[in-house]
Amino acid sequence: MENLEQVSSNKIFGGQQRVYSHESSELKCKMNFSLYLPPQAEGGDVKLPVIYYLSGLTCTEQNFITKSGFQRYAAEHGIIVIGPDTSPRGVKIDGDDESWDFGVSAGFYLDAAKEPWSKNYRMGSYLNTELYDLILKAFSNVVDPDRIGIMGHSMGGHGALVSTLRNPGQYKSVSAFAPICNPTACPWGVKAFNGYLGEDKAKWVEWDATELVKKYEGPPLTLLIDQGAADKFYIEKQLLPENLVEACRSVGVPVILNLREGYDHSYYYISSFIGEHFDFHAKILKA
Ligand SMILES: N[C@@H](CCC(=O)N[C@@H](CSC=O)C(=O)NCC(=O)O)C(=O)O
């Protein structure tokens, strides 16, 4: 396909772990994304379910594919997995590399409304429209458009939840590891939303899963939330999963919160439970 370049391809668990690059019109820069094709994709005559995985602060498309060990489970279930990058790249904006929780590698999967960020920092539209459509078109021989799920970690968990809640029906299954559940009420979220969205708090609630779930009117959905009990960011109240659970219960949206004794925020924790998340998605996407 025009504008799509294969950067690498490695055989793993019988499938292919690839990285592609393309010119993004939303972000106005060149972007990488990862794509895992399980062994069932060979031959290209079966349409398979897809899971998007959104990474957290400081990540590129590489962290998840090299550290989580997800390929074993994607191969077992026959699921294609796509991992976008976490912010625009190579776009120089004053202040974009001054901190690890804002700017480069910290796009928060939203569409910025405030200058100078609003020109390039459009990760919401990039993920849910541009990349989503590109995947459907470029891999139409193997992707089943009716069986797409999403998961993520930390900032990426926030991205998975808000993408699902803002686009009812687009993602049939959703789960998150240590997600930022209530960004309007935690230091990471307040910093990012002030920077990207400005002072108008009416704009903030449109990108906050705890607020969005209270107004959710889409197809029935169960949220799977995973949280390490020894995660320093959980202890510092950056993540606030209990706020999301309370909001879900107030409106009758089913939610599962798994609190994992002794686990932290790292990929050691994610790799311990990634198999359970694939089981959860497979049950919905392959029903
Ligand atoms: N630099 C920070 C730690 C940054 C960190 O833990 N990033 C997480 C995501 S945090 C929320 O979005 C991550 O996934 N890191 C990549 C990895 O491979 O572990 C600090 O100094 O505390």
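Colleague: Is L161 buried or exposed, and what is its relative accessible area?

Modeller: L161 is buried, and its relative accessible area is 1%. Buried means under 20% relative accessible area, exposed means over 50%, and partly exposed covers the range in between (1.4 Å probe, protein chains only). One caution first: this is a predicted model, in which local features need pLDDT of at least 70 and side-chain atom pairs count only at pLDDT 80 or more, while totals for chains, interfaces and linings use all residues. Residues are numbered from 1 along each chain as its sequence is written, and side-chain values use heavy atoms, with hydrogens and water left out.

Back to L161. This residue belongs to helix α4, which covers residues 155-166. Helices (H or I, at least four residues) and strands (E, at least two) are DSSP runs, numbered from the N terminus. Now go along the chain to K191, 30 residues away from L161. The C-alpha atoms of the two are separated by 19 Å.

C186 is buried, with 1% relative accessible area.

Next comes L127, in helix α3. L127 counts as buried, at 0% relative accessibility. T86 is 41 residues from L127 along the chain, and their C-alpha atoms are separated by 10.0 Å. T86 itself is in the loop between β5 and α3. T86 is buried too, with a relative accessible area of 0%. Its side chain makes a polar contact of 3.4 Å with the side chain of R89. A polar contact is a pair of N or O atoms within 3.5 Å; within protein, one must be able to donate a hydrogen and the other to accept it, and residues adjacent in sequence count only if both atoms are side-chain atoms.

Stay with the loop between β5 (80-84) and α3 (123-138), which also holds P116. The peptide bond leading from E115 into P116 is cis, with omega near 5°. F108 lies in the loop between β5 and α3 as well. Phi of F108 is near 60°, a positive value in a residue other than glycine. F108 counts as buried, at 0% relative accessibility.

F13 is another non-glycine residue with a positive phi, about 50°. Look for F13 in the loop between β1 (4-12) and β2 (15-24). F13 is partly exposed, at 42% relative accessible area. Strand β2 contains H22. H22 is buried, with a relative accessible area of 1%. The side chains of H22 and Y126 make a polar contact of 2.9 Å.

Last, the ligand. The space that it takes is the largest pocket. On a 1 Å grid over the protein atoms alone, a pocket is an open set of points where a 1.4 Å probe fits, with protein on both sides within 12 Å along at least five of seven lines. Around the ligand there are 15 residues, and L57, N63, K67, S154 and M155 come nearest. A residue is near a molecule if one of its heavy atoms lies within 4 Å of it. The shell divides into 7 nonpolar, 6 polar and 2 charged residues. Ala, Val, Leu, Ile, Met, Phe, Trp, Tyr, Cys and Pro count as nonpolar, Asp, Glu, Lys and Arg as charged, and the others, Gly among them, as polar. Helices α1 (62-67) and α8 (232-235) each supply at least two residues of this shell.

For K67, a polar side-chain atom lies 2.6 Å from a ligand oxygen. For K232, a polar side-chain atom is 3.3 Å from an oxygen atom of the ligand. A side-chain N or O atom of T58 is 3.5 Å from a nitrogen atom of the ligand. Taken alone, the ligand exposes 550 Å², and the protein buries 74% of that. These areas come from the Shrake-Rupley method with a 1.4 Å probe.

Terms used
1 Å grid on protein atoms, 1.4 Å probe; cavity = no way out; pocket = protein on both sides within 12 Å on 5 of 7 lines; lining within 4 Å. Sits in = over half its atoms within 2 Å of the grid points.
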